[in-house]
Amino acid sequence: MKKFENGGTYAFKINSKAVYKGEVFPASEERRTGKVLLDTTNTELAKGMGFERTDKYMYTKSVEWDEVEIIEERKPYTLD
């Protein structure tokens, strides 16, 4: 953590994303298999890329680590 000049502290929220076949998806590690878990609510994109429907509006797909490029977005937020 870092300190602001006025003494407040801040941290970063890190959002993991993955580039898969030219598209960017939220990503996490699937606990059961250790693969990268991608998700989307975009029905057309999901169907075109072989995602599985896992909820009313959610589609997911597990892929190997070497099939994606991981991107971490850091967004600062204050703790005060």
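Me: What elements does the protein chain have, and in what order do they run?
Reply: In this predicted model, the protein chain has one helix and seven strands, and from the N terminus on the elements run β-β-β-β-α-β-β-β.

Me: How much of the protein chain counts as buried?
Reply: Of its 80 residues, 26% count as buried. The protein chain exposes about 6,100 Å², and carbon and sulfur atoms supply 46% of that area.

Me: And what share of the contacts joins residues at least 24 apart?
Reply: If we take the contacts in the protein chain between residues at least 6 apart in sequence, 50% of them join residues at least 24 apart.

Me: How many aromatic pairs does a search of the whole structure find?
Reply: The search finds one aromatic pair. Its partners are F25 and F51, whose rings lie 5.1 Å apart from centre to centre, with 35° between the planes, and the pair is described as tilted.

Me: Why tilted?
Reply: Planes under 30 degrees apart would count as stacked and planes over 60 as edge-to-face, so a pair in between is called tilted; here the angle is 35°.

Me: Where in the chain are F25 and F51?
Reply: F25 belongs to strand β3, residues 23–29, while F51 sits in the loop between α1 (43–48) and β5 (52–53), so that the pair links distant parts of the chain, 26 residues apart.

Me: Are those two buried or exposed?
Reply: Both F25 and F51 are buried.

Me: Switching to T40, which strand is T40 in, and what does T40 touch?
Reply: T40 is found in strand β4, which covers residues 36–40. Leaving out residues up to four places away in sequence, T40 touches F25, L45, A46, F51, Y57, M58 and Y59, and two of those names, F25 and F51, are the partners in the aromatic pair.

Me: Why does T40 count as buried?
Reply: The relative accessible area of T40 is 12%, and a residue counts as buried because its value is under 20%. T40 also has a polar atom in its side chain that lies 3.0 Å from the backbone nitrogen of N42.

Me: What does β4 pair with?
Reply: β4 pairs with β6 in the antiparallel sense, over five bridges, and within this pairing L38 stands opposite K61 in β6.

Me: What about β5 and β6, how many bridges join them?
Reply: Two bridges join β5 to β6, and these strands also run antiparallel; R53 has Y59 in β6 as its bridge partner. A hairpin through five residues connects β5 to β6.

Me: Why is β6 described as largely enclosed?
Reply: Four of the five residues of β6 are buried, so the rest of the structure largely encloses this strand.

Me: New topic: how many salt bridges does the structure hold?
Reply: The structure holds two salt bridges. In one of them R32 joins E30, with the closest N and O atoms 3.5 Å apart; R32 counts as exposed at 73% relative accessibility, whereas E30 is buried, with a relative accessible area of 14%.

Me: And which side chains meet in the other one?
Reply: The side chains of E64 and K35 meet there, at 3.5 Å from N to O. The pair links distant parts of the chain, 29 residues apart, with E64 in the loop between β6 (59–63) and β7 (69–78) and K35 in the loop between β3 and β4. E64 counts as partly exposed at 36% relative accessibility, and K35 counts as partly exposed at 28%.

Terms used: Residues are numbered from 1 along each chain as its sequence is written. This is a predicted model: local features need pLDDT of at least 70, side-chain atom pairs count only at pLDDT 80 or more; totals for chains, interfaces and linings use all residues. Side-chain values use heavy atoms; hydrogens and water are left out. Rings of Phe, Tyr and Trp (its six-membered ring) pair if their centres lie within 6.5 Å; planes under 30 degrees apart count as stacked, over 60 as edge-to-face and the rest as tilted. Buried means under 20% relative accessible area, exposed over 50%, partly exposed in between (1.4 Å probe, protein chains only). Contact means heavy atoms within 4.5 Å. Accessible areas come from the Shrake-Rupley method with a 1.4 Å probe; for residues, only the protein chains shown count as cover. A polar contact is a pair of N or O atoms within 3.5 Å; within protein, one must be able to donate a hydrogen and the other to accept it, and residues adjacent in sequence count only if both atoms are side-chain atoms. A salt bridge is a side-chain nitrogen of Lys or Arg within 4 Å of a carboxyl oxygen of Asp or Glu. Two strands pair if DSSP finds at least two bridges between them.
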